[in-house]
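Subject: Structure to look at

Hi,

Here is the structure I promised to pass on.

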Amino acid sequence: MRLRSHKNKYEAIRLSSPVEILRGIGSRRSAALAKLGVFTLEDLLFLLPRRYEDRRFINTLRNIEPGKLQNVIARITQLTIKPNLTQAVIQDDTGKAQAVWFSEKNYLHEEMTLALSGNVENKYSVNSFINPELEIIKSPEQRPSIIGRIIPVYPANADISSKFLGSIIKSLLEYYSRQCIQEFLPEKILKRFGMMSNLEALINIHNPKDRTSFIRARNRLAFEELFLLQTGMLLRRQKFSGDSGNLHAKILKPGKSFHAFMNHLPFRLTDSQRIAIYEILEDLSREKPMNRILQGDVGSGKTLAAFAALLTAADSGTQSALMAPTEILAWQHYNKLIKSLDSLGLKAGFLSGSLGAKERREILNQISTGEINIVIGTHSIFSESVNFHDLSLVIIDEQHRFGVLQRSELISKGSSPHVLAMTATPIPRTLLLSLYGDLDSSRINELPAGRKAIQTIIFNHENFNVLINMIRERVLARHEQIYWVCPLIDENEDSDLTSVYQTYERLTQILPDVKIDALHGRMTPDMKARIMQDFTDNKINILVSTVIIEVGVDVSNASMIVIQDAGNFGLAQLHQLRGRVGRGKAQGVCVLLEEANITPEGKERLNAMQKTSDGFELSEYDLRQRGSGEICGTRQHGINEFRVADLIRDEKILLLARNEARALINQDPKLDSEPLLKHEIFRRLAGSLELAITS
Ligand code: ADP
Ligand code: MG
């Protein structure tokens with residue numbers, strides 16, 4: 001099909017124009033395109049082939065190789081057409097063959113010349129093309145389009161074929177793209193690396209001449225994506241750092257309370273904890289704001305590093321804040337910290353969305369006067385009504401739960417505090433670089449001494465009695481505690497999944513002499529806090545809960561976790577849940593109770609859990625199963641998956657893009673010399689990078 005002109009020739013063609021302006025795209029096809037996520041011409045241009053078929057070689061009928069995909073040009077010498085069958089004898093200068101289609105091709109005639117591409121079978125010593133793709137060749141000068149080149153294969157669906165997509169994209173590139181595609185990369189970069197222009201790259205990624213031009217096209221587009229993002233992030237940084245481009249944070253030095261706290265620890269620091277704390281203190285002692293991520297597997301003792309930093313801020317006469325993703329976790333941190341604070345003459349405050357109005361007012365007041373030194377809470381710490389007296393440090397626990405971009409909120413909260421993010425979800429280096437730009441990282445890569453590896457057991461309902469006996473032994477004989485995690489709160493008719501209350505009742509019946517309680521997110525904050533406290537104080541033996549306890553919760557006497565309908569949970573979640581146990585001296589056990597109708601992917605996840613307890617390995621596995629957007633929480637924050645770049649494979653390109661972006665911004669901080677580049681950054685990334693459109 002051909003697109004000679006778009007529907008209204010007075011309308012300017014833009015990348016943002018809807019696909020409907022193209023000839024041949026009516027409501028049915030635009031609906032089909034919408035299903036593929038294609039609404040605009042730009043979407044169409046970036047609908048990239050899923051794979052390619054190399055049909056460059058055009059064979060002669062004499063040399064046909066049966067059993068393989070073959071491409072030929074031949075004339076029809078005999079033709080039979082029936083309702084469900086079309087048979088043709090075809091011939092070229094070298095020989096004869098047959099073509100068979102299981103449909104009525106009533107537009108074919110004898111003597112027509114066809115280009116054919118398809119599989120060939122040899123039966124009774126006749127070579128037959130079976131259902132080949134065909135193109136009618138009208139004149140000797142006409143070059144076939146379905147063979148003699150590399151054919152892109154697009155993600156098609158029932159309403160729109162790959163062939164149709166190929167043809168509209170090709171015409172779009174040939175006829176209109178010069179009007180709407182402009183080069184925006186700096187000429188110097190293009191020259192220095194011998195990169196293709198963007199139009200050339202798009203043409204070649206859709207219809208590559210050969211492998212080399214495909215690779216060059218792909219690399220150019222991957223570079224472009226990463227370079228735009230890196231440059232955009234540097235621009236954003238500047239925006240938050242004011243005109244001077246120089247941020248100033250408070251210089252913080254450890255003093256009396258830091259040393260008192262460290263000297264009274266009931267255990268020895270691990271080497272990597274010591275190094276991490278040292279690195280953090282180094283950052284805090286500088287005027288340049290800390291921007292560091294502390295990675296360490298579940299249970300490696302990150303909280304301690306956080307407390308050390310909070311106390312350092314207090315020792316320096318400033319305020320600091322620790323933010324956690326759940327109320328339970330924030331509350332736990334608060335309670336642990338106040339134990340150490342009392343004797344130090346410092347005051348901590350707890351802040352969450354569910355405080356009563358009066359209590360909240362009082363705390364807000366104490367925060368604004370500086371009476372409270374350390375604020376611990378949920379993300380409500382950064383709601384508008386909270387005014388700090390002198391905030392110098394912000395720590396974000398379980399950072400991956402918050403996503404990437406809320407960091408900007410923190411930075412806008414007053415001056416320019418030091419920021420420390422902590423996470424147990426290991427982030428591959430490439431992702432770190434691409435999403436956070438200049439971020440320093442510390443890693444706690446060992447567990448405290450004496451920890452035994454957690455045993456992971458996969459059970460199904462047939463092992464239920466064995467499980468109950470294990471529980472009896474742990475609870476009644478050894479006075480250890482147990483988490484039992486269920487996917488639902490209440491029973492639900494539409495779901496086979498097990499609920500907290502169902503399990504609670506069942507366990508209470510089976511184990512009448514055991515103290516069991518239930519916990520879930522619909523309870524009032526007070527009730528949650530009370531139950532967590534009872535569990536911490538060993539007044540509850542088995543805590544039946546939703547995933548509300550997933551992150552951070554730390555009760556060292558809990559030695560076993562049972563995860564019901566385990567195949568339902570994601571890998572990161574399972575790993576986090578498992579990390580709730582094995583924090584004390586007792587052997588930790590994680591029982592993955594698989595559901596009867598577990599999916600193959602679910603089963604694979606459980607096997608992965610059993611194979612390794614290394615968070616890094618699991619995260620890489622997860623990255624392969626789900627893609628990077630899910631893992632870093634970027635998808636819901638508007639940074640789409642990259643269209644071309646692949647953060648695992650394109651590390652080199654990423655580093656190149658980063659260096660080039662830095663060099664450029666250093667030289668020309670506002671991009672005055674590159675208006676097209678600047679425009680492109682805003683056009684593509686304004687939303688996700690929260691860049692206001694200013695000149
Ligand atoms: P995470 O890194 O998952 O946040 P936590 O900070 O909650 O881990 O620490 C897990 C448990 O290990 C806590 O009970 C903590 O008191 C304990 N812990 C931390 N550091 C050490 C250490 N060096 N030796 C022994 N136990 C430690
Ligand atoms: Mg933690």
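Predicted model: local features only at pLDDT ≥ 70, side-chain atom pairs only at ≥ 80, totals over all residues.

The loop between strand S4 (96–101) and strand S5 (113–123) is where you will find glutamate 111.

Next, the ligand. How many residues surround ligand 1? There are 16 of them, and the closest are Arg268, Gly299, Thr303, Arg451 and Asp554. Three of those residues are worth a click:

- Glycine 299 uses its backbone: an N or O atom there lies 2.6 Å from an oxygen atom of ligand 1.
- Threonine 303 uses its side chain, with an N or O atom 2.6 Å from an oxygen atom of the ligand.
- Arginine 451 also has a side-chain N or O atom 2.6 Å from an oxygen atom of ligand 1.

Now for the helix pairs. Two packed helices are described by the angle between their axes and the distance between the axes, and that is how I went through them.

Start with helix H7 (residues 256–263) and helix H9 (residues 302–315). Their axes are 7 Å apart, and the packing angle is about 150°. Are they roughly parallel or roughly antiparallel? With an angle over 145° counting as roughly antiparallel, H7 and H9 are therefore roughly antiparallel to each other. On the H7 side, the residues are Lys256, Ser257, Phe258, Phe261 and Met262, and they meet Leu304, Phe307, Ala308, Leu311, Thr312 and Asp315 of H9. Sorted by class, this contact of H7 with H9 has 7 nonpolar, 2 polar and 2 charged residues.

Then have a look at helix H10 (residues 327–341) with helix H16 (residues 525–536). Here the axes come within 10 Å and cross at roughly 55°, so H10 and H16 are oblique to each other. The crossing of H10 past H16 is right-handed. H10 brings Glu327, Ile328, Trp331 and Asn335 to the contact, while H16 brings Pro525, Lys528, Ala529, Met532 and Gln533. That makes 5 nonpolar, 2 polar and 2 charged residues for the contact of H10 with H16.

H17 passes H18 in a right-handed crossing. Leu571, Leu574, His575 and Arg578 of H17 make the contact with Arg605, Leu606, Ala608 and Met609 of H18. By class, the contact of H17 with H18 holds 5 nonpolar residues, 1 polar and 2 charged.

Cheers

How values were computed:
Residues numbered from 1 in each chain as written. Chains lettered and ligands numbered in written order. Heavy atoms only, no water. Left-handed = near helix turned anticlockwise from the far one by under 90°. Helix = DSSP H or I, 4+ residues; strand = E, 2+ residues; numbered from the N terminus. Contact = heavy atoms within 4.5 Å. Nonpolar A, V, L, I, M, F, W, Y, C, P; charged D, E, K, R; others polar. Near = heavy atom within 4 Å. Polar contact = N/O pair within 3.5 Å; in protein donor to acceptor, adjacent residues only side chain to side chain. Axes fitted to C-alpha atoms, helices over the stretch in contact; angles between N-to-C directions. Parallel < 35°, antiparallel > 145°, perpendicular 65-115°, else oblique.
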